[in-house]
Amino acid sequence: MKKIIQIARLELSLLFYSPIAWLMLLILFVQMSMGFTPKLPDLARGREFMGLTERLYMSIDYGGVLSAILDKLYLYIPLITMGIISRETSSGSIKLLYSSPVKLSQVIYGKFTAMLVYNLMIIGVIALFVMIGAVYIPHFDYPHVLVALLAIYLMLNAFAAIGIFVSSLTTYQAVAAISTFVALGFMNYIGTVGQGVDFVRDLTHSLSMPDRTARMMAGLLNSRDVIYYLVISGMFLAFTITKLELERLSKTVMQQVMRYGLIVLTGLAITYVTSRQQMIGYYDATATKQNTISKNTQEILKKMGDEPVEVTQYINGLEDSYNKATPKQRIEDIARWEPYLRFKPNIKLKWVYYYDSIPGITEQLKKQKVTFNYYVMFMSNLMKLDLRKFLTPAEIKKKINLEGENARVVMHLKYKGKTTFLRTFSPDSHFWPKEAETGAALKRLIVNAPKIVFATDGYQRGMDKIGDRDYKTLTNTKLSRGSMINQGFDVDSVSLENGEIPAGIAALVIADPKVAFGPAALSKLRKYIGQGGNLMIAGEPGKQGVINPLLDSLGVKMLDGTLVQESKDYSNDLVVPNLAAGAVAMTPELQPYYLRKWVVSMPGAAALSYDPNGPFVVHPLLTTNAESSWLKNGKLVLDSAAAIFDAKAGDQRGSFPTALMLSRNRNHKEQRIMVSGDADFLSNAELSRMNMQTINGGFALGVFKWFAYGEFPIDTSRPETKDNVTTLTKTSAKTLQVFYYGIIPGAIFLLGLVILIRRKRK
């Protein structure tokens, strides 16, 4: 060990008595400063951003300084390592090393130790920029940044080991530098080679560096990637030692190949064993644990026990979504499942490729008198598909019924004989299911999915219709991420006049009946309520005569008239009530929206009243603003002029509830009923409203989660980041710019210059 340290000290003295080492540090600092320092004035002006640590240092979208420099670091190491061995061979001093009592392994380890120290200096330069965040950002996310710096350090060390080996292959330093550039470029981009072939894809991915560094830069430290960098460093150091030893020994070509092969096999064996899911250890360094699935999803996987989950992804080569799930993207697909594999390693992933007709396309082909087989051949040639690797329509139909899944990429989950679909979404920038949808699909495999049933009598809103006033977007749209069927629910419909209310349902929904129910339907409904069934009743102004008979037994009444709200931009009948405290009590996930005073849009709403001493405990969910809204008596006319408050005509100012939650204990459980003075807040039109800070979809799902007693949707929320405020001022920003543009790079330059001059004088 003593000899290794002595060699390292000698190598460091040679390194820093040459201008190249100082020049590299100076260029690195200037390059980072040019990207980071201009952001300081904007940071000082803004003062508040979400997740400043992530934004400033790691985010690719916002040009985080660590992410930005990551792809450029391989340019620095070759110029440092190019002479580390080639200098010895070109000068002839390598022969002295061969005859000295020092082992070749000690020489190589000593030189590598010197590079470890130099790489620490590079980390020190990078840390100068981290210091700004540490000083000026309260609640700075230290663990995340430290893991990112560790990732960079491990990568630099692997680069150094590769550079040392390449330097041993030639006596020319320039050739060594160029060859190292090529080798590091190969290691950086090999992960993109052969992605269409399973074996080649797995092999090249196992050698790829950027993906591993990116994972750790995101704050997820894992043993597999750390060991990978250590193995790569060890392998190339072993290559170097072997190369130098074989130069002074007489070995056959086969013996040399076997020795190198043994090193490779040992390295691959170690990386293979340590990359098995059961062998990987994880540490999520982020403050919000953003790289780890939520506690609720973890609990779902824990309840599944040791039984495997089979996930089969079905990909139609003729549908546009195929471009998101080609064999070349298999590694990305596996990576999406890794957070779940971390807690349940026996999730079995499979992929099935097929071709079949696409809804809408088949009808067009018939009109154009084009056969399906011709279309298949045309598309396969256009997309360069090898149809021999795809199941035919007849073959896929024998395996699974995908009718109704829009021929898109879909995952079929199977566990203990139960199955469910996990879908992809369009139009959606993310396309793939997130944790909420994945967790809901997994949970459906271990519990009975809650069923929401919609009454169809009285021309009510339809759950399968796409009209503006209907509910398909919320309930039954397979391409929509927020649709109830993708959040864990089953949906169905029933006629109260002609059918029976199913037993065991989570809730019955009566939405905007336009005609009164008959005696038979009312009898069924009263029996359902009396037995403790959950219920949602949503009415509309002008239908008080239809709705109030349904509300009599609940102690609730829909008041006559229509709610009006003053607005410069919208019609006066568009009411936007705020969430009340009862909404947070109903669904705690709504609390952030309650605190931010987000609203629910209700075009044409009636006010509600209730009896505090009635049979139910009642709490308002939504209330109007008393200063800008009032209850208009009589018929509201908006054809020619804005509505005007008229007390003489019976108009009433005040804060009125537009939605109520009712509860009581019945048959050993809490019965839950929700009453709304508007049925449009669930409609397709209101869920697509983009020009207001409305949370109709979130509020609606919150109501149904209340009906499901918290089972669905899955709560995957995390605490908000705390590093959202900076203490940086404009004066401080200007001072830092002076230091980082001039003083610090000047100090590095002067320090290097002084050391080089002193060395030259000696």
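**Reading a sheet and its exceptions**

Modeller: Please keep in mind that this model is predicted.

Biologist: Which strand is joined to S6, and how do the two run?

Modeller: Strand S5, residues 410-415, is joined to S6 by 6 bridges, and the two run antiparallel.

Biologist: What is the order of the strands in the open sheet?

Modeller: The order is S4-S3-S5-S6, and the pairing is mixed. Strand S4 (347-354) and strand S6 (418-423) form the edges, each pairing on one side only. From one strand to the next, the twist averages 20°.

Biologist: Which helix packs on the sheet?

Modeller: Helix H17, residues 330-341, packs there and touches strand S3 (309-316), S4, S5 and S6. The direction of H17 makes about 150° with that of S4.

Biologist: How should I read backbone angles?

Modeller: Most residues other than glycine have a negative phi, and most peptide bonds are trans. His139, however, has a phi near 60°; this residue lies in the loop between helix H9 (104-136) and helix H10 (142-167). His668 also has a positive phi, of about 65°, and lies in the loop between strand S20 (657-666) and strand S21 (669-676).

Biologist: Is His668 buried or exposed?

Modeller: Exposed means over 50% relative accessible area. His668 has 88% relative accessibility and therefore counts as exposed. His139, at 57%, counts as exposed as well.

Biologist: Which peptide bond is cis?

Modeller: The bond from Phe712 to Pro713 is cis, with omega near -10°. Pro713 lies in the loop between helix H28 (696-707) and helix H29 (730-761).

Terms used:
Residues are numbered from 1 along each chain as its sequence is written. This is a predicted model: local features need pLDDT of at least 70, side-chain atom pairs count only at pLDDT 80 or more; totals for chains, interfaces and linings use all residues. Side-chain values use heavy atoms; hydrogens and water are left out. Two strands pair if DSSP finds at least two bridges between them. Helices (H or I, at least four residues) and strands (E, at least two) are DSSP runs, numbered from the N terminus. Axes are lines fitted to C-alpha atoms, for helices over the stretch in contact, and angles run from 0 to 180 degrees between N-to-C directions. Contact means heavy atoms within 4.5 Å. Buried means under 20% relative accessible area, exposed over 50%, partly exposed in between (1.4 Å probe, protein chains only).
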